[in-house]
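Please look over the following model and read the report beside it.

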Amino acid sequence: MDNRDGDRGLLARSANDDSNAPVQETSNDAAVSRDSAARLGYINDPWIRYFVKHPQRRAPLINRGTYSRFHGIQGTLKRFANAVAAFHSEQSQEKKTEEEPAAGQVVVLGAGMDTSYFLMSADSNSSTAVGLRFFEIDFPEITAKKAATVWRTRALHAMLPTDTVVASGGTELHSTTFNLLAGDLRGFEKSVVPKLRDRGFDPAHPTLFVSECVLIYLDSIHSDAILDWITANVPTAGIVTYEQILPSDRFGQMMIANLRARGLELRGLHAYPSLESTAQRFLSRGWQSAQAVDLAQYHDSCIPPSEHDRLSAIELLDEWEEFRLLASHYAFTFACTRDSEVFKPAMEAFL
């Protein structure tokens, strides 16, 4: 993202680079899929509809996959928020001073129309209750649309901190606990990090990074640079990713061809093509723990039977073989730099 005058060229280049347009369009695709699942009752997300102009009903297997993705990411965020709240309370009791103890931070990479901030802010047991800070990062074309929608929509605007202001020509929202920041992740250390620091990001605080089908679209030299910076600068860091895997089998090749026909390249897929390699990319950097699980296994093992019954009552899924084939080519990875109590519940959820 941009950092003073010296990096305006990076923003200008990303704004005028047609090759970014297909990647940016994936933000809309994801929002439409989440909206479909929400309207049918798969997930409880009353906020996503404000970001979708033309709702579409997705196929049952897509809705089931969207539910599983939502369950994994939102479950991780809630476990982190709850663990931070407990840690926050313990610190307060130990310090016994008016000084506010360190809370946690969430950094959503390539946030698109993600509604996690609104979901967690509406939950009185998480986020704002303990001062959890949210930072969202995406291309300025995306953040401008999101900022405008949030600012002009009464229900969304009401969820913003009272000190929120529109910034950077309408491409950003700034406040003490929620910051929507515009920029290009390919310039993370030079351009993004200064923006994060300017808005109050503190590397000393426990921080959860979130990446849903984002790092996979970057060349590995750029995604690795983000992880290297986190490794070197954020001592208590965790990350949850949701990315494609298995490019070499028949389905994987078809997946790549279909995306390529839309102008999309999974630039990081061949560098980290399997569950083992996605976990190893963190362990090789000295992270304490890393666990990867494909979406099919997560669906079958980590979602309670009662939820399976509820989903079956919403919509009949006949294409189980196709669903499991599709789901086996997507994976969650959760990793943390050290064995901190704030990340233990999230790690255990993927075991």
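His 308 is buried, with a relative accessible area of 18%, where buried means under 20% relative accessible area, exposed means over 50% and partly exposed lies in between (1.4 Å probe, protein chains only). This is a predicted model, in which local features need pLDDT of at least 70 and side-chain atom pairs count only at pLDDT 80 or more, while totals for chains, interfaces and linings use all residues. Residues are numbered from 1 along each chain as its sequence is written, and side-chain values use heavy atoms, with hydrogens and water left out.

His 308 belongs to helix H12 (residues 305–314); helices (H or I, at least four residues) and strands (E, at least two) are DSSP runs, numbered from the N terminus. Not counting residues up to four places away in sequence, His 308 touches Arg 64, His 299, Asp 300 and Ile 303, contact being defined as heavy atoms within 4.5 Å. His 308 and Arg 64 are 244 residues apart in sequence, yet their C-alpha atoms are 9.8 Å apart in space.

Ser 33, found in helix H2, counts as buried at 13% relative accessibility. Leaving aside neighbours within four places in sequence, Ser 33 is in contact with Arg 58, Ile 62, Asn 63 and Thr 66.

For the protein chain as a whole, there are 14 helices and nine strands, and 57% of the 351 residues count as buried. Among the contacts with a separation of 6 or more, 77% come from residues 24 or more positions apart.

The next topic is the aromatic rings. A pair of aromatic rings is described by the distance of the centres and the angle of the planes. Rings of Phe, Tyr and Trp (its six-membered ring) pair if their centres lie within 6.5 Å, and planes under 30 degrees apart count as stacked, over 60 as edge-to-face and the rest as tilted. By this rule the count comes to 18 aromatic pairs. The rings of Phe 80 and Phe 343 have centres 5.5 Å apart and planes at 5°, so this pair is stacked. Because Phe 80 lies in helix H3 (residues 60–95) and Phe 343 in the loop between strand E9 (330–336) and helix H14 (344–349), the pair ties together parts that are 263 residues apart in sequence. Both Phe 80 and Phe 343 are buried.

With centres 6.4 Å apart and planes at 45°, the rings of Phe 201 and Trp 229 form a pair that is tilted. This pair links distant parts of the chain, 28 residues apart, with Phe 201 in the loop between helix H7 (188–198) and strand E6 (207–212) and Trp 229 in helix H8 (residues 220–233). Phe 201 and Trp 229 are both buried. One aromatic cluster is formed by Phe 80, Tyr 242, Tyr 298, Tyr 330, Phe 332, Phe 334, Phe 343 and Phe 350.

Charges also sit over rings, which requires NZ of Lys or CZ of Arg within 6 Å of the ring centre and within 35 degrees of the ring normal. Lys 146 lies over the face of Phe 51 at 5.9 Å from the ring centre, and Arg 281 lies over the face of Tyr 272 at 3.8 Å from the ring centre.

Tyr 272 and Arg 281 return in the lining of the largest cavity, where 13 residues take part and Ile 216, Glu 243, Tyr 272, Thr 278 and Arg 281 lie nearest the centre. On a 1 Å grid over the protein atoms alone, a cavity is a set of points where a 1.4 Å probe fits but cannot get out, and lining residues have an atom within 4 Å of a point. The largest cavity has a volume of about 120 Å³, a volume being the space filled by probe spheres set on the points, which are joined across faces, edges and corners. The elements that give two or more residues to this lining are H8, strand E7 (237–244) and helix H10 (275–283).

Technical notes
On a 1 Å grid over the protein atoms alone, a cavity is a set of points where a 1.4 Å probe fits but cannot get out, and a pocket is an open set with protein on both sides within 12 Å along at least five of seven lines; lining residues have an atom within 4 Å of a point.
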